[in-house]
Amino acid sequence: MTEPRLVGPAELEEERALDVTLRPRRLDDFVGQPAVREQLQILLEAAQGRGEALDHVLLYGPPGLGKTTLAQIIAGEMGVTMRPTSGPAIEHQGMLASILTNLGDGDIFFIDEVHRLSRTVEEALYPAMEEFSFDWVAGKGASAQALRLELKRFTVVGATTRAGALGGPLRDRFGITFRLDFYDAGELTAIVRRSAGLLRIAVDDAGAELIAARSRGTPRIANRLLRRARDFAQVRAAGRIDAAVAAESLAVLGIDETGLDELDRRVLGVLCRAYAGRPVGLGTIAVSVSEDPDTVEDVVEPFLIRLGFLVRTPQGRLATAGAYRHLGEPVPSGVPGAAGAQSSLFAS
Ligand SMILES: Nc1ncnc2c1ncn2[C@@H]1O[C@H](COP(=O)(O)OP(=O)(O)OP(=O)(O)O)[C@@H](O)[C@H]1O
Ligand SMILES: [Mg+2]
């Protein structure tokens, strides 16, 4: 995923390294998502009991909620090797063939950004996922030979930030689909405590709760804010993070009480100020805030929708009364959530 918020390239590197350090390895260490955890536990036990590979799994949800983490946990719990790649990285069928033929029995083939597979690679993947064979034309011209390669019984774990962008035929080939949702404050507090323990950061209860409450429901952001608060505490507060230190460090980062950052507020500003009360298309929003439309759609909007600040309508995006109030702007009549607004505006 592209992640522009708060982080430059060097910090992104550092953050990826932190992701790896803090990633839970076992299902028991995975905090939250109780429905997903329970179902996965049953599927893993059933597959292991039968001595079979797991069915293909599709994971979807906004960035930073634990898709890659879960893929690794699945591989770890099944005791198999994970071969990670991403949709755009598989450039042609030959690359796919070489990966598939190297997979062992039960291995996990992790495809991040699975909605970005090319059409030809995606079509070659269908029979591989269904029949565990791969049709391959070796050589060129008159000497070309059609071969059928037999594959081991592997498991595809696909991850995507948008299930909607996945074609029906590909989606249908995943036997199991898990949707990851934003985490609640209690779960995020547990994640902050766990990470603080692993990184040997001193944080008190109130400090951990404050960081959790402002993490946009997202474990990766909770970890990022914890690290920033630690830097702040080191310089200003003898290394210990309490509520006051956490609040100050978040203020410096431009994160408000709801967890919204500058980009979130800029998007709301476009809707509430520049186009007050009128539906706005995704492309227009993206241009107005100088961001990629994918970033606005995948990173910014899901949390604003979750907060009830934004709705998608057939005509475009609309800010709700709550968004206007959050920005301290007068609420125009007729916007969703305003007194007398039509409930049909909520349809998306
Ligand atoms: N349930 C969880 N419990 C504890 N930590 C978690 C959990 N989910 C995610 N994390 C933490 O958040 C970090 C980001 O998670 P992960 O990389 O799995 O997200 P992702 O969904 O794959 O994101 P992206 O869409 O950007 O690839 C992990 O490294 C881990 O430290
Ligand atoms: Mg990931």
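Student: What makes β4 and β5 a hairpin, and which residue in the turn has a positive phi?

Tutor: Happy to start there! Between β4 and β5 lie 6 residues, and the turn holds Gly139 with a positive phi of about 80 degrees. Strand β4 (residues 133-138) pairs with β5 in the antiparallel sense over 6 bridges, and pairing requires that DSSP finds at least two bridges between two strands. Ala138 stands opposite Gln145 in β5. Strands (E, at least two residues) and helices (H or I, at least four) are DSSP runs numbered from the N terminus.

Tutor: A word on the source: this is a predicted model, where local features need pLDDT of at least 70, side-chain atom pairs count only at pLDDT 80 or more, and totals for chains, interfaces and linings use all residues. Residues are numbered from 1 along each chain as its sequence is written, while chains are lettered from A and ligands numbered from 1 in the order in which they are written.

Student: Why is strand β5 called hardly covered?

Tutor: A residue is buried if 20 or more other C-beta atoms lie within 10 Å of its own, exposed if 12 or fewer, and partly exposed in between, with C-beta atoms placed from the backbone. Among the 6 residues of β5 (residues 145-150), the count of buried ones is 0. For the chain, 36% of the 348 residues count as buried.

Student: Why are α11 and α13 called roughly perpendicular?

Tutor: Helix α11 (residues 262-274) and helix α13 (residues 293-307) pack at an angle of about 80 degrees, their axes 10 Å apart. Axes are lines fitted to C-alpha atoms over the stretch in contact, and angles run from 0 to 180 degrees between N-to-C directions. Under 35 degrees counts as roughly parallel, over 145 as roughly antiparallel, 65 to 115 as roughly perpendicular and the rest as oblique. The two helices are therefore roughly perpendicular.

Student: Which residues meet there?

Tutor: Leu263, Asp264 and Val267 in α11 meet Val296, Val300 and Leu304 in α13, contact requiring C-beta atoms, placed from the backbone, within 7 Å.

Notes. Two residues are in contact if their C-beta atoms, placed from the backbone, lie within 7 Å.
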